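Subject: Handing over the structure

Hi there,

Here is the structure I promised to pass on to you. Have a look at it first, and then read on for what turned up in it.

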Amino acid sequence: MIEPAKKTTVQKSAQNIRRIAIMAVFIALSAVGALIKIPSPLGTVALDSAPGFFSALAFGGLEGSIVIAIGHLLTSAVVGFPLGIPMHLVIAIEMAVFALIYRLVNKKIGLIPAVIITSLLNGVVAAFSVFPIGGMGAVLGLMPFLLLGSVLNVAVSALAYKALKGSRLI
């Protein structure tokens, strides 16, 4: 018979393995999404963040943040890190924060406000990340494409979450 302390350790290990497996599946989905591009000046706008946004809602902020950050880095790697690796690391962290905000706003005031706020954060506010490199011209040139990609990614995540919420899958 397993002692109570060891049983708890075994249960926690199983939960951690399950959590890592779920993140791996959604990171793989992000990799697939990274190949589905939305034409833009940089080439890094893609359907890579929907799995991360979904993970934030369905499984937790930390899980979603990890998935979305790695998803962005995969998308950037596919096109050769056009802004440089340090800048893409900053953007990955920024996206991780947006995933946390998405989860928090959904919990506090609902899914529709979460979709709107996150789309604006990821589509408008995130465009200013390129300001140090290309100035206001780069920001305004990227913003429409980033906003379109953001709305698509967030909407896909919200629709999937709504469809699966309450099921045994999440």
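A term to start with: a crossing of two helices is called right-handed if the near helix is turned clockwise from the far one by less than a right angle, and left-handed if anticlockwise. Please keep in mind as you read that this is a predicted model.

**Helix 4 and helix 5**

With that term in hand, the crossing of helix 4 and helix 5 is a right-handed one. Helix 4 covers residues 85-109 and helix 5 covers residues 111-123; their axes come within 8 Å and cross at roughly 160°. Angles over 145 degrees count as roughly antiparallel, and so helix 4 is roughly antiparallel to helix 5.

Which residues bring these two together? From helix 4 come M95, F98, I101, Y102, V105, N106 and I109, and they meet L111, P113, A114, V115, I117, T118, L121 and N122 of helix 5. By class, this contact holds 12 nonpolar residues, three polar ones and no charged ones.

**Helix 5 and helix 6**

Next, follow helix 5 to its other partner here. Helix 5 and helix 6 have axes 8 Å apart and pack at an angle of about 150°, which makes helix 5 roughly antiparallel to helix 6. This crossing is right-handed.

On the helix 5 side, the contact uses L111, V115, T118, S119, N122 and G123. On the helix 6 side you will find M143, L146, L147, S150, V151, V154, A158, Y161 and K162. Nine of the residues in the contact are nonpolar, five are polar and one is charged.

**Helix 2 and helix 4**

How do helix 2 and helix 4 lie, and at what angle do they pack? The angle is about 40°, and the axes are 9 Å apart. The two helices are therefore oblique to each other. Helix 2 passes helix 4 in a right-handed crossing.

F53, A56 and L57 of helix 2 make this contact, together with F98, A99, Y102, R103 and N106 of helix 4. The contact divides into six nonpolar residues, one polar and one charged.

**The cavity**

Now to the spaces inside the model. How many cavities of 30 Å³ or more does the structure hold? There is one, and the volume of the largest cavity is about 250 Å³.

The lining of this cavity is made up of 21 residues, and T44, H72, I91, M95 and L146 lie nearest its centre. Helix 4 and helix 6 are the elements that give two or more residues to the lining. Helix 6 gives the most, with five residues. By class, the lining of the largest cavity has 10 nonpolar, nine polar and two charged residues.

**The pocket**

There is also a pocket to look at. The largest pocket has a volume of about 160 Å³. Its lining consists of F26, L29, V32, G33, I36, L47, A50, P51, F54, V156, S157 and A160.

Which helices supply at least two residues each to this lining? They are helix 1 (4-34), helix 2 (50-58) and helix 6 (131-164). Helix 1 gives the most, with four residues. Of the lining residues of the largest pocket, 10 are nonpolar, two are polar and none is charged.

Last, please find I133, which sits in helix 6. Leaving aside residues up to four places away in sequence, I133 touches L83 and M87. I133 and M87 are 46 residues apart along the chain, and their C-alpha atoms are separated by 9.3 Å.

That is what I have for you. Enjoy exploring the model!

Best wishes

Conventions: Residues numbered from 1 in each chain as written. Predicted model: local features only at pLDDT ≥ 70, side-chain atom pairs only at ≥ 80, totals over all residues. Heavy atoms only, no water. 1 Å grid on protein atoms, 1.4 Å probe; cavity = no way out; pocket = protein on both sides within 12 Å on 5 of 7 lines; lining within 4 Å. Points joined across faces, edges and corners; volume = space filled by probe spheres on them. Nonpolar A, V, L, I, M, F, W, Y, C, P; charged D, E, K, R; others polar. Axes fitted to C-alpha atoms, helices over the stretch in contact; angles between N-to-C directions. Parallel < 35°, antiparallel > 145°, perpendicular 65-115°, else oblique. Contact = heavy atoms within 4.5 Å.
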